[in-house]
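Dear colleague,

I am passing on the structure below, together with some notes on what turned up in it. Please read them alongside the coordinates.

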Amino acid sequence: PATGDNEDVQIGVLFASKAMLQLLVNPLSGTLIDRVGYEAPLLAGLAVMFLSTTTFAFAGNYATLFAARSLQGLGSAFADTAGIALIADRYAEEPARSRALGTALACISFGSLAAPPFGGVLYEFAGKQVPFLVLACVCLLDGLLLLALAPPCAAGARANMPVGTPIHRLMIDPYIAVVAGALATCNIPLAFLEPTIANWMKESMGASEWEVGLTWLPAFFPHVLGVYVTVRLAAAYPHLQWFYGA
């Protein structure tokens, strides 16, 4: 068991392990998607996340939690990249592409910001295992829906796949660099809050698990509103995309 500063460090490292592995694997997952299509990597990512969340449910020590969190990053690297790429490929024309990607981003926001209150309540009143088992069931359901709607082994799964751009050319593209910088900047406050706010609330306020989870709920509403407004503006004034990012 960790105490004091050591506990804060361990929690920080635990949160960071997902991001680090996802950062390392994302370029590889993009290359694999170019070669085999979207569906198989998406299914593999969901399977890894199912394994990760099931491991979280029954983990009894820090090493197991670290392994489960790292697996989460591996699964996200495949599922996130393949999912967004699949949407962009299926909706090639504007403004349908902006609407589809906006909907996907709104759903990501829903999961990131509405799930902590839900998980906090379940943790408080049903125990540690239940939130993770619910999430594992969501991953399983998502995988079954993918198999039903877009089987990875279906004929033509690789048909009309766009030719992938080499990673070194992407890295020197100034537009991609600006977008990557914007995404990193937006995630820095979240990276500071996630590992620290729960401990601080418990120590300074005596907050319960459901109260800690509830603090994330208000951010959901302006985030979804921002996605909706941006999608509408991008459809009406596509030449001002740079301004929305700014």
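How many salt bridges does a search of the whole structure find? The search finds two, where a salt bridge is a side-chain nitrogen of Lys or Arg within 4 Å of a carboxyl oxygen of Asp or Glu. Please note that this is a predicted model, in which local features need pLDDT of at least 70 and side-chain atom pairs count only at pLDDT 80 or more, while totals for chains, interfaces and linings use all residues. Residues are numbered from 1 along each chain as its sequence is written, and side-chain values use heavy atoms, with hydrogens and water left out.

Because Arg-90 belongs to helix α3 (residues 62-90) and Glu-39 to helix α2 (residues 39-58), the pair ties together parts that are 51 residues apart in sequence; helices here are DSSP runs (H or I, at least four residues), numbered from the N terminus. Glu-39 is buried at 4% relative accessibility, whereas Arg-90 is partly exposed at 48% (buried means under 20% relative accessible area, exposed over 50%, partly exposed in between, with a 1.4 Å probe and protein chains only).

The other salt bridge is between Glu-209 and Lys-202, at 2.8 Å from N to O. Glu-209 is partly exposed, with a relative accessible area of 24%, and Lys-202 is also partly exposed, at 35%.

Finally, Ile-172 lies in the loop between α6 and α7 (174-205), and this residue is exposed, with a relative accessible area of 66%.

Terms used: Helix = DSSP H or I, 4+ residues; strand = E, 2+ residues; numbered from the N terminus.
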